[in-house]
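We will go from stop to stop, selecting as we go.

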Amino acid sequence: MAKETVKAGFRLAAVACICVWTSIYTAFSQNAEPLAIRISCGSWQNTHTPDTNVLWVKDHGYTGGSSANATTTSYIAPQLYKLRFFKLSDGPENCYNVTHLPGGRYSVRMFFGLNEDVLADREPLFDVSIEGTQVYSLKPGWSMNDDQAYVEASVFVLDTAATVCFHSTGHGDPSVMSIEILQLHPQAYDFGVQWGDTVIFRTAKRVDCGADQGVYGESYNADPWGGNRFWFSDTEPDVVAKSSTRKLRSSNPIRGTSVAPNFFPEAIYQSASVGTAVGQVLNYNFNVEPNANYSVWLHFAEIEDGVTSPGQRVFDVLVNGQPFFSNVDIVGMARGPFAAIVLHRTVSVDGRTLALSFRPNSQKSAMVNAIEIFQVIEMEKRTLNTQVWSLRVLKDTLGLPLRFGWNGDPCVPQQHPWSGIDCHFDHKKNTWFIDGLGLDNQGLKGFLSNDIANLQQLQSINLSGNSIQGLIPPALGTLQTLEYLDLSHNMFNGTIPENFGNLTHLKKLYLNGNLLSGRVPSALVGGPIHGASFNFSENAGLCGVPGLPSCSNHLTEGGKAGVAVGVIIGSLLLLLCGTCFWKRRQNILRAQRLALREAPYAKARTHFVRDVQMSRPNVHEHFRAYTDPGPQLLT
């Protein structure tokens with residue numbers, strides 16, 4: 001095994017809405033060693049496997065799910081004793097997100113195990129996806145078959161992050177023991193014009209023909225850029241069914257091995273399986289997924305003593321009875337014995353069996369050194385990043401229950417879209433987008449954020465029957481394609497946004513059963529929206545449409561705000577004027593007091609005038625009205 005050159009450390013993903021994501025930050029140095037990340041799922045501490053002393057990094061404290069003791073189901077699994085499992089209450093999809101990866105091709109390998117606390121006959125069945133594409137489904141009996149207890153795939157990482165998700169199918173809790181992410185040569189397994197960064201190679205079978213037992217590449221001193229592949233022996237009946245063969249072995253060095261981009265180890269060419277009789281057809285039968293494309297890689301090197309010239313051993317290769325390669329002459333093609341050649345081709349398989357036949361055309365029996373079969377999977381197109389992030393924000397702000405999951409990509413894999421989400425594929429932009437949001441009667445108690453404005457293709461929103469609080473965000477009025485909006489029976493308050501009148505495609509609007517107030521926007525019910533169905537009832541503060549109170553004694557929120565501002569400004573002006581008048585009066589009085597102190601004559605004169613005024617008789621008292629007869633003077 002290559003020496004570990006990467007120091008891996010964990011920290012919780014910065015996206016709060018993803019409760020089960022693990023972020024692994026690595027410091028990658030540009031040298032000859034490939035990057036290698038190995039995660040011991042469910043482990044409380046970093047550990048080294050006793051056989052190879054390889055570092056496995058803990059994930060405890062950085063993901064959701066639960067930790068448990070593991071029962072290993074395959075002899076090829078790393079010697080780890082913990083696993084992480086995800087209950088249905090954790091959500092239907094749970095993901096690891098490994099970040100800060102240099103762009104390029106990686107081998108992603110996962111081993112599964114059984115939870116010791118669960119009955120042995122209750123093996124979980126679930127699906128696995130990488131980068132939003134489903135690559136594997138665990139089938140009944142997987143825990144009894146060594147080659148079904150793990151999944152391995154070669155995938156191209158474009159955005160410096162690799163996402164691995166486990167999807168519940170309702171049959172037990174998904175359980176994973178380990179995850180490996182091993183850097184490969186960028187051109188690894190280039191199989192032709194269909195090869196590229198949008199293709200995933202899932203390992204269906206990898207067999208070292210003539211070997212006594214299966215081993216990892218490290219036991220073959222393989223170059224670490226090969227991804228430490230595991231090579232099963234073709235003598236294992238649960239891995240491969242074949243006709244009778246005899247083994248060939250050689251210790252001679254093999255030319256043309258361990259070279260870029262695939263770095264096939266020399267050891268796989270130093271053994272071979274050969275037909276036992278002259279003219280015998282050598283057959284291998286492999287179980288595969290139906291209706292899929294497979295890339296078949298055949299490894300050859302002539303290692304039998306006495307076969308040194310072209311034409312001595314010539315044979316045809318057939319797949320499911322159809323010609324695949326004709327007149328394969330190993331010595332002639334490799335220009336001598338003890339030299340490696342690799343032949344590969346892609347074939348479509350309809351059934352569940354891929355049958356390889358090696359039919360001799362010479363006196364020598366057909367032979368093969370190693371076989372690799374990969375399922376070719378076209379990667380799913382992803383959802384718009386802005387919409388994914390917006391949904392994660394909504395997950396937080398709405399208080400979405402954990403059982404919803406909402407991890408990974410909302411639209412892919414297509415077999416497992418997020419609950420409450422409707423997706424549509426845009427063939428022009430070659431991406432998925434969200435066109436429906438249905439979260440009615442889910443016990444939501446948060447608020448609706450303006451991030452919903454990023455979901456511009458929404459046609460339907462149903463959030464009824466929850467306890468969502470706060471204002472109705474004006475961002476809803478920017479969703480020009482919206483046809484159905486149901487926010488009824490929540491706790492929304494404030495006014496209906498004026499820009500709702502811009503929703504010209506709206507057919508149904510239900511806002512009943514909230515705490516809304518103010519005038520219903522006239523543009524909403526009397527503008528360009530005709531024939532739409534509205535319900536504004538059970539909002540004590542709303543007015544302005546039939547069935548609601550008149551707005552004659554009601555002011556809109558804008559009117560109320562204007563009145564309030566006017567009252568405040570008027571009060572401030574009155575206070576200012578009163579203050580100025582009082583100040584002026586005080587200044588006059590102060591000036592008079594100062595003048596009196598400094599002018600005695602003026603003071604005496606003032607007193608005289610005051611005395612005269614006070615002693616002057618009130619002449620008005622001697623007048624009488626003409627109707628007053630006055631005092632009687634004569635008798």
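The tour below starts with the whole chain and then visits single elements and residues.

**Before you click.** This is a predicted model, in which local features need pLDDT of at least 70 and side-chain atom pairs count only at pLDDT 80 or more, while totals for chains, interfaces and linings use all residues. Residues are numbered from 1 along each chain as its sequence is written, and side-chain values use heavy atoms, with hydrogens and water left out.

**Whole chain.** Colour by secondary structure. The chain has five helices and 40 strands. Helices (H or I, at least four residues) and strands (E, at least two) are DSSP runs, numbered from the N terminus. Buried residues make up 50% of the 635 residues. Buried means under 20% relative accessible area, exposed over 50%, and partly exposed in between (1.4 Å probe, protein chains only). Of the contacts with a separation of 6 or more, 71% join residues 24 or more positions apart. A contact means heavy atoms within 4.5 Å.

**The largest core.** Select Tyr284, Leu354, Leu356, Phe358 and Ile371. These touch the most other members of the largest nonpolar core, which has 69 residues. Strand S24 (residues 292-300) gives the most to this core, with six residues. A nonpolar core is a set of buried Ala, Val, Leu, Ile, Met, Phe, Trp, Tyr and Cys residues joined through side-chain atoms within 4.5 Å. Now zoom in on Leu356. Beyond its neighbours within four places in sequence, its contacts include Tyr284, Phe286, Val296, Leu298 and Ile371. Another core, of 44 residues, lies apart from it; Trp406, Ile434, Leu458 and Ile496 are among its members.

**Leu182.** Go to strand S16 (residues 178-183), where Leu182 is found. Is Leu182 buried or exposed? Leu182 counts as buried because its relative accessibility is 5%. Beyond neighbours within four places, Leu182 is in contact with residues including Leu35, Ile37, Tyr106 and Gly227.

**Helix H2.** Select residues 385-397. Helix H2 has 13 residues and reaches 19 Å from its first C-alpha to its last. That is close to the 18 Å expected, the expected span being 1.5 Å times one less than the number of residues. Buried residues in H2 include Val388, Leu391, Leu394 and Lys395. S31 and strand S32 (431-438) are among the elements that cover the buried residues of H2. Just after H2, Gly399 takes a positive phi of about 70°.

**Asp426.** Asp426 is buried yet has no salt bridge. A salt bridge is a side-chain nitrogen of Lys or Arg within 4 Å of a carboxyl oxygen of Asp or Glu. The nearest side chain of opposite charge, Lys429, is 4.7 Å away. What does the side chain of Asp426 reach at 3.1 Å? It reaches the backbone nitrogen of Lys429.

**Loops.** Move to Asn430, in the loop between S31 and S32. Its phi is near 60°, a positive value in a residue other than glycine. Asn430 counts as partly exposed because its relative accessibility is 40%. Next, find Pro413 in the loop between H2 and S31. A cis peptide bond joins Val412 and Pro413, with omega about 0°. Finish at Pro261, in the loop between strand S21 (245-249) and strand S22 (271-275). The peptide bond from Ala260 to Pro261 is cis, with omega near 5°.

Definitions and conventions: Lys and Arg count as positive and Asp and Glu as negative; His and the chain ends are not counted. A polar contact is a pair of N or O atoms within 3.5 Å; within protein, one must be able to donate a hydrogen and the other to accept it, and residues adjacent in sequence count only if both atoms are side-chain atoms.
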